[in-house]
Amino acid sequence: MSHGSAESLRYGLALARAYRAELYLCHCVEGAAAGDSRSQASTGQIRAALADMIGGHLGGGDFSEVEWKAMVVEGSRHPSEEITKVAAESGIDLIVIRSRRRPRAAALLGSTAEALSRTAPCPVLVIHPQEREWVGETTGEISLRKVLVAYDFSDDSELALRRGLSLAKEYGAELHLLHVLAKPEDDGPELAWLPSSTESIYQKAARRLQEAVAAESDPPEYQAMKCSVRWGKPYREILSYAGDQEIDLICMGAHGAGHGMSALFGSNVDRVLRQAPCPVFVARPLKPSTFVQQGNSPSHMETGEEQVIAI
């Protein structure tokens with residue numbers, strides 16, 4: 001219910017309107033058990049506040065423009081677990097969430113956005129304060145100019161490429177494809193790192209990037225595209241490239257790393273989320289049955305309707 005969550009609602013509402021999707025507003029609370037009179041009163045107040053927030057973004061409260069539903073979730077588990085469960089049960093196609101710029105000391109503990117990026121049953125769009133915007137504050141219009149896909153030839157990055165290419169085509173944006181090669185430990189000039197074979201590692205990576213886009217494009221051509229190969233640490237090069245090129249949206253793939261060492265010390269996705277100069281789209285495969293028992297699949301899955309959840 002913060003100002004930050006109202007900003008995530010702006011993005012969720014814009015996407016819901018653009019794709020004629022149903023918008024779910026999810027609010028997690030800890031407190032009285034469901035059914036308690038105090039709980040019911042609190043839920044009513046939250047629903048009314050959510051309606052006011054939507055009305056503010058619609059500039060007068062014309063709710064006929066979007067189909068939406070308020071969801072107040074009460075439980076003792078971490079919000080990321082509750083949201084993951086709700087998203088799976090409701091057949092959500094995209095989660096939109098606002099992430100705070102966390103201090104370095106707190107970053108080791110992770111955040112709800114980072115946890116969702118590892119466990120969500122669908123893609124996650126993470127926005128931040130003080131970032132490059134592409135949804136108009138007053139108009140709600142989507143204006144994507146440059147989309148960056150971080151591509152490492154994995155299945156996860158393949159998902160990111162498909163989503164990024166689709167968005168770039170939809171909004172006439174430039175598509176930037178970036179692959180980062182691990183920098184050898186050898187000291188000395190970069191030329192010394194390359195093998196003497198006819199096709200260097202660098203050249204091979206660049207060729208594979210071109211082939212990846214050609215395989216995903218239908219027809220296999222996309223003029224507004226730039227392929228780049230860099231040496232170094234992936235998250236550093238992604239952030240540097242996004243800043244240098246004034247990227248509006250970073251698309252990355254993420255597998256479920258759980259809450260082990262990679263979650264504690266941060267993966268490339270976590271680090272990009274914490275420092276990105278623009279929203280980050282974390283591509284994940286749709287798994288609506290993760291928490292849904294057999295025979296209880298949401299009717300949405302049968303009708304093909306699209307749904308977006310804003311946190």
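Biologist: What is the mean pLDDT of the protein chain?

Modeller: This is a predicted model, in which local features need pLDDT of at least 70 and side-chain atom pairs count only at pLDDT 80 or more, while totals for chains, interfaces and linings use all residues. Residues are numbered from 1 along each chain as its sequence is written, and side-chain values use heavy atoms, with hydrogens and water left out. pLDDT is the predictor's confidence in each residue, from 0 to 100. In the protein chain 68% of residues reach 70 or more, and the mean is 75.

Biologist: How many contacts does the model have for residues 256-265, beyond four places in sequence?

Modeller: A contact means heavy atoms within 4.5 Å. The pLDDT stays under 50 over residues 256-265. Beyond four places in sequence, the number of contacts for this stretch is 16.

Biologist: How far apart are the end C-alpha atoms of helix 3?

Modeller: Helices (H or I, at least four residues) and strands (E, at least two) are DSSP runs, numbered from the N terminus. The expected span is 1.5 Å times one less than the number of residues. Helix 3 (residues 79-90) has 12 residues and should therefore span 16 Å, which agrees with the distance between its end C-alpha atoms, 16 Å.

Biologist: Which residue forms a salt bridge with Arg 274?

Modeller: A salt bridge is a side-chain nitrogen of Lys or Arg within 4 Å of a carboxyl oxygen of Asp or Glu. The closest N and O atoms are 2.7 Å apart, and the partner is Glu 114.

Biologist: Which residues are linked with Arg 230 in a network of salt bridges?

Modeller: The closest N and O atoms are 3.4 Å apart for Arg 230 with Glu 237, and 3.8 Å apart for Arg 230 with Asp 244. Asp 244 lies in helix 8 and Arg 230 in strand 7 (residues 225-231), so this pair ties together parts 14 residues apart in sequence. The network links Arg 230 with Glu 237 and Asp 244.
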